[in-house]
Amino acid sequence: MNSTYFSDGLPTPVPDKQGPATPFWQGLVLNTLRIQRCRRCQSWQWGPEYICSNCHSFELDWIEVEPKGRIYSWTRVWQAPQPVLATATPYVVVLVELDVAPNVRLIGNLLGSGTQDAQVGAAVAGVFEHHAASHPPYSLLQWRPAD
Amino acid sequence: MDARRTLRHRAAIVGVGETAYYKRGQSPDLEFVLALKAILAACADAGVSPHDIDGFSSYADDRNDAVRLATALGVKELRFASMQWGGGGGGCAGAIANATAAIASGQAECVVVFRALSQGQVRYGQGGAALGYSTQAAPEITGEMAFPVPYGAISPAQRFALKARRFMHDHGVHQEALRAISLAAYAHAQKNPRAIMYGKPLDTAKYDSSRWIAEPFHLFDSCMENDGAAAVVLVAAERAREFAQAPAYLLAAAAGSDHRHAAPSHSAPDYATANYKSVSRRLFAMGGVSPADVNVVQAYENFTGGVAMALMEHGLFAPEEINSVLTVENLTAPFGCLPLNTSGGHLAECYMHGMNLVIEAARQIRGQSCNQVPVVDVALMISGPMVAPVSSLLLGSEATR
Ligand SMILES: [Zn+2]
């Protein structure tokens with residue numbers, strides 16, 4: 001099995017120089033999943049933003065959380081949306097809601113066969129996928145079935 | 001509510017026009033020329049001189065600049081130009097609302113709402129600028145699209161499939177409900193000579209055996225990609241009977257987005273919706289009608305799953321009724337109980353980002369549809385399910401005044 005779900009060739013995620021998601025991408029490289037939480041009102045917030053949408057504080061912390069969750073939705077892709085994926089189909093994209101908080105969801109791939117069935121509600125655990133040879137290097141968070 | 005603060009019966013569509021519709025990249029005309037031709041056709045339909053247009057309203061970052069249009073058409077006095085925010089087709093009815101607001105507030109007299117698209121020039125919704133990255137060498141991606149793209153969730157089909165799957169899970173929606181939306185559109189297109197799929201019928205077996213794009217979407221659950229242009233002319237309601245055609249009065253228009261619907265990485269609190277819960281409440285309140293009063297529906301199809309959500313969120317049926325209401329028989333004019341996309345819509349007439357659906361809604365009010373519903377006093381048009389912002393429109397006949 002390949003060490004990454006897709007071969008090289010998809011666009012490289014690059015944090016905006018000053019973008020609100022930069023600590024998230026930096027964390028993945030270090031095998032950590034970090035999510036925003038408001039220092040003042042303690043609300044979890046996702047996607048990342050400069051302001052808390054609940055209390056409007058600008059003091060948002062990045063909290064390391066366990067990469068565990070449940071499949072919230074999924075799709076099996078049969079028609080490659082980019083030529084580089086032509087030999088990768090079918091593949092499974094999952095939307096995972098983290099256990100740490102409702103409405104904090106991440107998109108990833110379900111590791112293993114592209115023909116396997118995913119189930120809404122199934123428990124999954126994160127697997128960090130490093131693209132160290134990429135320029136610049138980056139990491140993704142993939143998912144495998146969990147108990 | 002202040003009775004003056006409404007768009008109800010403040011304007012009417014008095015002219016509709018479109019170019020020939022083409023498959024993607026096959027238009028012989030440049031996009032700007034398509035826009036001009038559609039506007040001329042709408043003006044001719046209304047019996048209005050293009051010199052007397054004084055406003056332009058569009059959406060989806062339309063590339064055909066209002067000032068260039070006004071200059072090219074020799075508009076005597078440009079008074080109003082507006083662009084509805086949002087890159088997708090969710091702004092179509094919003095652009096009608098903006099035009100009506102301009103007329104109602106005395107800012108303009110005769111406003112054109114239009115959409116033009118030539119995808120041989122720039123392909124919509126695919127790669128490149130639409131995704132915020134270059135498809136050339138060493139592509140990089142930043143911002144919101146960095147969350148899905150590295151996982152192969154790149155074009156709208158894959159991303160909307162996630163939303164549709166969850167919706168089907170939550171409400172027990174069968175694949176047959178999505179199929180019925182597609183079959184009804186194709187059935188209507190067989191009577192519409194303008195339709196791209198005119199003469200190309202679809203049946204159950206062909207749908208079932210068609211390839212998956214991204215589950216739960218088959219090929220025939222997805223809109224086409226087309227070139228063309230479409231436009232409508234709006235004037236104040238009290239002037240509307242001076243023109244050549246029966247007016248289609250604006251009963252209501254509403255645009256917007258539910259609470260944090262666009263939260264990145266698919267993190268909306270109310271995820272498995274098409275984003276109409278607040279828009280439809282305001283729409284029917286302004287219109288003074290209920291969903292039961294709607295005689296015919298034109299619902300923007302990017303994907304059939306979004307149509308099913310949109311219809312439910314507009315109160316046309318209860319969640320538990322989805323599978324029983326969404327049948328070919330019910331959705332097909334003239335005698336179905338919920339005639340849907342009676343020109344063939346985006347699946348089978350043309351993907352004109354909603355403007356062809358506005359035109360079809362007006363034709364149903366006039367009694368000029370290729371698939372005319374016997375009595376149409378209220379027509380509903382829904383723009384751009386699952387994006388943000390979205391918008392919706394209610395048109396009414398003379399009987400609603
Ligand atoms: Zn806060």
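**Reading the cavity and the interface by their definitions**

Mentor: The volume of the largest cavity is about 60 Å³. The model is a predicted one, in which local features need pLDDT of at least 70, side-chain atom pairs count only at pLDDT 80 or more, and totals for chains, interfaces and linings use all residues. Residues are numbered from 1 along each chain as its sequence is written, chains are lettered from A and ligands numbered from 1 in the order in which they are written, and side-chain values use heavy atoms, without hydrogens and water.

Trainee: Why is this space called a cavity, and which residues line it?

Mentor: On a 1 Å grid over the protein atoms alone, a cavity is a set of points where a 1.4 Å probe fits but cannot get out, whereas a pocket is an open set with protein on both sides within 12 Å along at least five of seven lines; a lining residue has an atom within 4 Å of a point. Points are joined across faces, edges and corners, and the volume is the space filled by probe spheres set on them. The structure holds 1 cavity of 30 Å³ or more. Chain A gives F24(A), W25(A), L106(A), I107(A), L141(A) and W143(A) to the lining of the largest cavity, and chain B gives F147(B), Y151(B) and S265(B).

Trainee: What is the class make-up of that lining?

Mentor: The lining has 8 nonpolar, 1 polar and no charged residues, where Ala, Val, Leu, Ile, Met, Phe, Trp, Tyr, Cys and Pro count as nonpolar, Asp, Glu, Lys and Arg as charged, and the others, Gly among them, as polar.

Trainee: How do you know how much area chain A and chain B bury between them?

Mentor: Buried area is the accessible area (1.4 Å probe) that two parts lose on being put together, summed over both. By that rule the two chains bury about 3,500 Å², 58% of it on carbon and sulfur atoms. P11(A), Q79(A) and I107(A) supply 18% of the area that chain A buries against chain B, more than any other three residues. With contact taken as heavy atoms within 4.5 Å, 43 residues of chain A touch 38 of chain B.

Trainee: What makes the pair R76(A) and E215(B) a salt bridge?

Mentor: The rule asks for a side-chain nitrogen of Lys or Arg within 4 Å of a carboxyl oxygen of Asp or Glu; the N to O distance here is 2.7 Å, so the pair qualifies.

Trainee: Which element gives the most to the side of chain A that touches chain B?

Mentor: Strand β5(A) does, with 6 residues; helices (H or I, at least four residues) and strands (E, at least two) are DSSP runs numbered from the N terminus. By class, that side of chain A has 27 nonpolar, 13 polar and 3 charged residues.

Trainee: Why is R39(A) with D61(A) said to tie together separate parts of chain A?

Mentor: Their closest N and O atoms are 2.6 Å apart, in a salt bridge. R39(A) lies in the loop between β2 (33-38) and β3 (44-45) and D61(A) in strand β4 (residues 60-65), so the pair joins parts 22 residues apart in sequence.

Trainee: What makes the bond from H135(A) to P136(A), and the phi of N31(A), worth noting?

Mentor: Most residues other than glycine have a negative phi, and most peptide bonds are trans. The bond from H135(A) to P136(A) is cis, with omega near -5 degrees, and P136(A) is in the loop between β8 and β9 of chain A. N31(A) has a positive phi near 60 degrees and sits in the loop between α1 and β2 of chain A.
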